[in-house]
Protein chains: 2
Amino acid sequence: MPRKLRLISVTLCCLAFASAAAQPADDIAQPTGYRKWLHVNTMIVDKASPLFEQLGGMHNVYVNSVGEAALKKGGPYPNRTIFLTDLHEYTVTDGSYVEGPRKALAVMVKDSKKYAATGGWGFQLWAGGDPKKPLVNDPTKQCFECHQPKKDQDYVYSTYLP
Amino acid sequence: MPRKLRLISVTLCCLAFASAAAQPADDIAQPTGYRKWLHVNTMIVDKASPLFEQLGGMHNVYVNSVGEAALKKGGPYPNRTIFLTDLHEYTVTDGSYVEGPRKALAVMVKDSKKYAATGGWGFQLWAGGDPKKPLVNDPTKQCFECHQPKKDQDYVYSTYLP
């Protein structure tokens, strides 16, 4: 089946079961141009963090123009909002944390119907930022469960810093 | 004297002495819209750094569109390039370094003639990002001396990370 048809088929299939099963999000395309989206914030998950093994690194977070106004209000976010985390290695030299090469790219894409089973967000993560290396095949367990505590911010951890 | 005329006057005066005296750069306007310029990198100068007292914080560095291509080549930079550092406080919680409020905004503005005495760059720094609180009155001592070792990168510390 041609890829486009297959994706539509997957989408229709999953929408029918949206309340029961999470959309695997293997149809999420890797965004380009995000280095010039609004830079939301940066966070470093360092070695002392209990999250280091899963999330260690420098997280540079961006939002596309669709989500900017909602970010400033603290959500909820309109469909087609994309948050992207450009996760990098870092080195520590003389007390300075310096950005290194990319470890991964991660996105949250809002589509309240398509991703109804995961709070209206589709999730994907690419190893090394390589579009051929998607890592998310169970978005509920791999992504959404950690975002659930932020339901009052539409499942987004980031808040706006002027 | 109206502000605009006064600035022109200052500029002309200083150009005449460009080889002898650094331009004080009190005419550098604070840029807007930089959160959507190319995000060059982020660095944290932490408490263990010898630079902490002067430069402690999370440095989010951006470059305007004029300087993008030169950044990717490692310089030199064309006139009207602007590098901006949006310096923020940070907190450390459970091993994660989280961005806090703004401490300062700093810029380097390229004008090879006007700022010939400081490598072709004008420097300014605003406390808290407040346009009414410029802190640089001696750009040679306060800024340029620390940038001189990077002469081979046109005095810019940042390099391009894909």
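User: What does Leu161(A) touch, not counting residues up to four places away in sequence?

Analyst: Leu161(A) touches Asn41(A), plus Arg35(B), Glu99(B) and Gly100(B). Contact here means heavy atoms within 4.5 Å. Keep in mind that this is a predicted model, where local features need pLDDT of at least 70, side-chain atom pairs count only at pLDDT 80 or more, and totals for chains, interfaces and linings use all residues. Side-chain values use heavy atoms, with hydrogens and water left out, residues are numbered from 1 along each chain as its sequence is written, and chains are lettered from A and ligands numbered from 1 in the order in which they are written.

User: Why is Leu161(A) called buried?

Analyst: Its relative accessible area is 17%, and buried means under 20% (exposed is over 50%, partly exposed in between; 1.4 Å probe, protein chains only). So Leu161(A) counts as buried.

User: Where does Leu161(A) lie in chain A?

Analyst: In the segment after α4 (139-147). Helices are DSSP runs of H or I with at least four residues, strands are E runs of at least two, and both are numbered from the N terminus.

User: Which residues of α4(A) are buried, and what puts them on the same side?

Analyst: Pro139(A), Cys143(A), Phe144(A) and His147(A) are buried. They cover an arc of only 85° around the axis, so they sit on the same side of α4(A). That arc is taken from the directions from the helix axis to the C-beta atoms.

User: What covers them?

Analyst: The cover includes β4 (96-110) and β5 (121-127) of chain A.
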